[in-house]
Amino acid sequence: MADHVAQARDIVKRFGDGKPSLDGASITIVPGEITGLVGPDGSGKTTLIRILAGLMKADAGEVDVFGGQPGEFLDDLGYMPQRFGLYEDLSVIQNLRLYAELRGLPKDEQAAVFDQLLDFTDLKRFGDRLAGNLSGGMKQKLGLACALVKTPRLLLLDEPSVGVDPISRRELWSMVKELTGEGIGVLWSTAYLDEAESCDTVFLLGEGELLFSGKPGELTGGVRERVFRISDFEERRRRLLTRLLDRDDIIDGTIQGRAVRVLMAPFSPRPTLDALGLASSVEIDPAAPRFEDGFIEILGGGPQGTSALAERYRQVPPGDRPAIEARGLTKKFGDFTAAHDITFEVPAGRIFGLLGPNGAGKSTTFKMLCGLLTPTEGDGAVVGHDLRSAASDARAALGYMAQKFSLYGDLSVRQNLDFFAGAYGLNRTSARSAIDNVVDIFELGDRLSVNAGTLPLGFKQRLALACAVMHQPPVLFLDEPTSGVDPVMRREFWVHINGLVERGVTVLVTTHFMEEAEYCDEITLIYRAEQIATGSPDDLKAKAADLADLDDPTMEDAFIALIQASERVEQDELRSAA
Amino acid sequence: MTRPPTFLRFDLRRVSALVVKESVQIVRDPSTFLIAFVLPLILLFIFGYGVSLDASRIRIGLVLEDDSAPALSLAQAYQNSDYFDVDMARSVAVVRDRMVAGDLRAMVVIPSDFGAAVQRGERPVIQIITDGSQPNTANFAAGYAEGVRANWAAAENLESGRAQAPPISLATRYWFNPELKSRYFLVPGSIAIVMTMIGTLLTSLVVAREWERGTMEALMATPVSMAEFIASKIVPYFVLGLGSMALCTVLGITVFGVPFRGSILALLAISSAFLLPALGLGLFISAATKNQFVASQIALLTGFLPAFLLSGFLFEISSMPWPIQMLTYIVPARYLIPPLQTVFVAGDIWSLFLPNIVIMLGFGVAFFALSFRATRRSLD
Amino acid sequence: MGRLRAITIKEIWALIRDPRSRITLFIPPLIQLLIFSYAATLEVDNIDVGLLDMSAGVHSSEFASRLAGSPNFRTIKRLQSPGELRAAIDRQEVIAAIVIEADFDRRVESGQPATIGVVLDGRRSNAAQIVASYLQDIATSVGADIGPLSRAPPGGSVVTNWFNPSLDFVWFNLPGLLVLIVSVTGLSVTAQSVSRERELGTFDQLMVSPLRTHEILIGKMIPPLIVGLINGIIYLLAARLIFGVPFTGSVALFFFALTVYMLALIGVGMLVSSISQTQQQAFLGSFLATVPVVMLSGFSSPVENMPGWLQIANLVNPAQYFLVISHGLFLKAMPVGAVLAQLWPIVIIGCVTLATSAWLFRARME
């Protein structure tokens, strides 16, 4: 008997002509472990999972699931596709019952199993709610529950945590971890590298080929002693990062609150203050390597630090008012308050982050500020244009980039650019030069006549940013701008944003990526329609450290601690009211 | 260890779980409600009231160029006729303008020498001018106008001396529908369209929806076989189709006064035999397109339009050019319309029902075979 | 102006490049032109009739041979008994059965009036009536030739058909089909436009741009208008060149009226589009709107055949006015005054639907 529940060797899968989606990829899934499947978008993760689930046939290679062909022993397979496979017009219980019947769970066991699963997923209160009315995190848990109704021997999870907030993500992880204790083999595909780091084994795909397989520590080990944390510098942190990334001996860098974290190229000497041109008060400390560092390196490193976009951008003059103002913004839908009394100001040339779990009200706040929703109470302004009285002027002053890729997929790249240039009122000459500019910067030149919908995700991202900044707005609104995008592309995106901010552009961003939150100058955390904490990332981390008695918490730890603290306060109030 | 091929596995428990799921979705989905209940009512309403091929009163102009007694008497005959609403006019030009405007469908001109001709014992001639832009109405108008004149002449004994009754006359009898109500064939015909819409359009939408929303992918990773999946789609929509048919039948009989002379058993047999190819086509379309919008467009083109145009429901198949007649042979609704009209208006004529039922079942088998081939358990 | 130009160009591209809207754009007009123009005829030809000839004399044979010679009839099924006759009608093998009684020839010979019995299938009452009229003509012509007794002078009325002298059905169909096709494509193209953006997530992107509501609306109205006008040109040319249907009125007036009509329809389509959340709903909504608009336009059966209350309700149906204009300008050289008399109700309907849809569009922005 083999010691694996599933194995695939040298899989080739082709869609149409061109490079195969999978080109000799292999994977082994062992019982009782979480096996991570990691790779950039379009690297073939989903295709490989579908082949294991028996939904697609490989063109070449060997696949063995439970010692047979994939699709042969479906009774023992749990599978959660990217969109969870839930029937949105069925209730939670009806979804569970359907999958229980389909998987042949005996009727007399159903009640107990459902009870246990609903407990496990904390969905008991929502048994009769339609799946379509659940939040993203709850859908994800229900999807998992449906895959588990009859305990499988193999559980395939296709990017279960995309678009889900950190709390739900952590809960899901601990649920799955618990399952491995029962001997289930789990395959978890993800774009979150902190998740990959916690897997027992990791398979890293790139363009359909297997780039790495083994314990995550082995990949991390390769970059040991090359990761450093630079802190206590006077220089503006974005400017420092830009300067550092432009150096050849630094292949990656990120902002972490007031500090900058860098990854040195292999065989380069340990960085010194002199070499980096830093003052003597600055500290350079070795930092613990992460899976992400190894990942970036194996994919060829991050982008250069200087943004060509920012170099050609105008210098936005500082105004006498804050670039973005929210004063007591409240939105009610009927009886339901989606956002309550949200107040903040963003000075020009800053990045401001809206954070919060799914459905907490951050999107509502965001939409009120960009004029998509009219506030029930309160008001706001963008570059001094009041949202109520001068909404159109306010809209003209902002660039907008949304979570979902929301350009016109059936229009060519060129047509998209033409449209947005026109929609933002650029005249012919300035439209032409603006378009030429972004085409040059984002290397869209040989894709101009391609339908935007068929672009690789990275280029979609570039095009969306190009469309949002062609009119050189003083303010940028970014709604989960890099959701689902791999770390290398995310780095490139933030290089541009950092550059623009140095030009005086103000940025309002919502995100689930704690790494993006670190880029913010100030963050407000929204939970259950209320602003529960506001401050710089370091402030929030310090606050969370106090609240939860944590030592050096990450942004994600802070997020979770602050929300749990707010929940406790609320429960106390309820108790004292009762 | 040998197992049956996966696509043929059939477990009633799984099917019934899927049927329950489908039924809940039917109840909750507004578009199902629209197609299964609102659309039949609209169609029935339109064909019951809005579309009528019965000749009703036609608006004509009567140009009276003569004041003589016979001319006035003939004019009176037109005014008294049940076929016409008559507008009197003095000149052709006035009526012509109104015919151009579409107010009047025809005119009758009683010429200035009409009375004189009668006096002289000659046979007076009138002129009937129709609006040829509406050929059907023009035919009716000309026929009735001549009829009114002939009756008037007979009553006035103008022609009795010369020619008695014509040597050969026709005695017509219309079986099943002596009052010649077009509603009698339009209402059953609209039921055929309703069943096509539910069987083909609705089914293609719901299966395509499973592909679009990603639930198909989740189902395929469970032990559900394609046979079970297809069965679970057929059962609810079959029942829904019959339900909608029953609703239309009851309304047709009670509200629109269409007779029902056959048996309910026959009606059920005919409708069931038709629903199979309709459902089969719907499943095939959705399996082939996997996209709700494209599926709906193709369902309209291959289901709704042929049922409407090429089934013999409104337009006589025999009058179409032969390539189009050939096309009608592959339209299942063509085999539904005659038995359906018969079971309502004429009664149980099994010699007519059986061949049509057999052909419809044949189409059903063919479409199901096609959809089995197309609905492979694969995302490739 | 620049913004309006940008959104108009974008909408046109979206329409042409989206494979889904291409389906609605090109296939229905083609199918209609090819199949509808021939299939949708209320004429009755290639008729199958039964003949139960119990007389079998000279005159009954003469009748039978004239029947066979008539271009309207295809086959004549010889029946042997009333039982066969019943079965032939029941099974719809024939639409009518002619019964010539045994004494028919004897009566004709002896100069007595003779009667031919015809049993018709009332299930298809409309076609049956037309068959009866053909048979009547044959009976009359046989009678006229019989001899001295039938010296009846030619008919007491002269029938002239204006505008379409030979009552050609295609002349009626094509102007009507034009109304149908611009209605169907106009409604479905407009209904899709907003709901597609909602579903694809581009709607928010549009709303945060400085485009004003009226610019978005106008931008979305222009493509269906262009599609309608192009369909108009195609049908005008096809009518003339392929089907030989004359166009007697003013072409300029025709396109003016078509534009007004399209705007009214686009208003209806916008209404549907603003209400719908998904393309699915927009499709069903436009279908539900199209069916009554088209079926009650007067094309399938005259408006005056409807009950009075329905005629009143149908006053808000723009298609019925435009159908009159279309027939008028194709066949009747309709003058300006008569066209305008049909056009003003469309203008009112258009103002109401456009204003309502603009209001709904604003109201539904959230």
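**View 1. A bridge partner across two chains.** In this predicted model, B:Ile126 finds its bridge partner in strand β5 of chain C, and that partner is C:Ser157.

**View 2. Where chain B meets chain C.** Let's step back from the strands to the whole contact. Here 90 residues of chain B are in contact with 94 residues of chain C. Which helix gives the most to the chain B side of this contact? Look for helix α6 of chain B, residues 135–155, which supplies 12 residues. If you sort the chain B side by class, you get 54 nonpolar, 26 polar and 10 charged residues.

View 3. An unreviewed UniProt entry places the feature "transmembrane region" at several stretches of chain C, among them residues 21–40 and 249–271. Follow residues 21–40 of chain C from end to end: the span is 95% helix and 0% strand, and its end C-alpha atoms lie 26 Å apart. Now try residues 249–271 of chain C, where the chain is 91% helix and 0% strand. For this second span, the end C-alpha atoms are 33 Å apart.

View 4. The domain assignment of chain A gives domain 1 (6–214), domain 2 (224–306) and domain 3 (319–397 + 475–480 + 508–578). Notice that domain 3 of chain A is written as several pieces of sequence. This view is about domains 2 and 3 of chain A, whose C-alpha centres lie 30 Å apart. Their contact takes five residues from domain 2 of chain A and six residues from domain 3 of chain A. On the domain 2 side, there are one nonpolar, three polar and one charged residues.

**View 5. A closer look at A:Tyr408.** You will find A:Tyr408 in the loop between strand β19 (398–401) and helix α14 (413–423) of chain A. Is A:Tyr408 buried or exposed? It counts as buried because it has 25 C-beta neighbours inside 10 Å, and 20 or more are enough for that label. Leaving aside neighbours within four places in sequence, A:Tyr408 is in contact with A:Asn416 and A:Ala452, and also with C:Ala14 and C:Thr202 of chain C. Take A:Ala452 as an example: A:Tyr408 and A:Ala452 are 44 residues apart in sequence, yet their C-alpha atoms are 6.7 Å apart in space.

How values were computed
Residues are numbered from 1 along each chain as its sequence is written. Chains are lettered from A and ligands numbered from 1 in the order in which they are written. This is a predicted model: local features need pLDDT of at least 70, side-chain atom pairs count only at pLDDT 80 or more; totals for chains, interfaces and linings use all residues. UniProt positions are given in the numbering used here, feature names are shortened, and annotations may be inferred rather than shown by experiment. Helices (H or I, at least four residues) and strands (E, at least two) are DSSP runs, numbered from the N terminus. Domain bounds come from an automatic or database domain assignment. Two residues are in contact if their C-beta atoms, placed from the backbone, lie within 7 Å. Ala, Val, Leu, Ile, Met, Phe, Trp, Tyr, Cys and Pro count as nonpolar, Asp, Glu, Lys and Arg as charged, and the others, Gly among them, as polar. Two strands pair if DSSP finds at least two bridges between them. A residue is buried if 20 or more other C-beta atoms lie within 10 Å of its own, exposed if 12 or fewer, and partly exposed in between; C-beta atoms are placed from the backbone.
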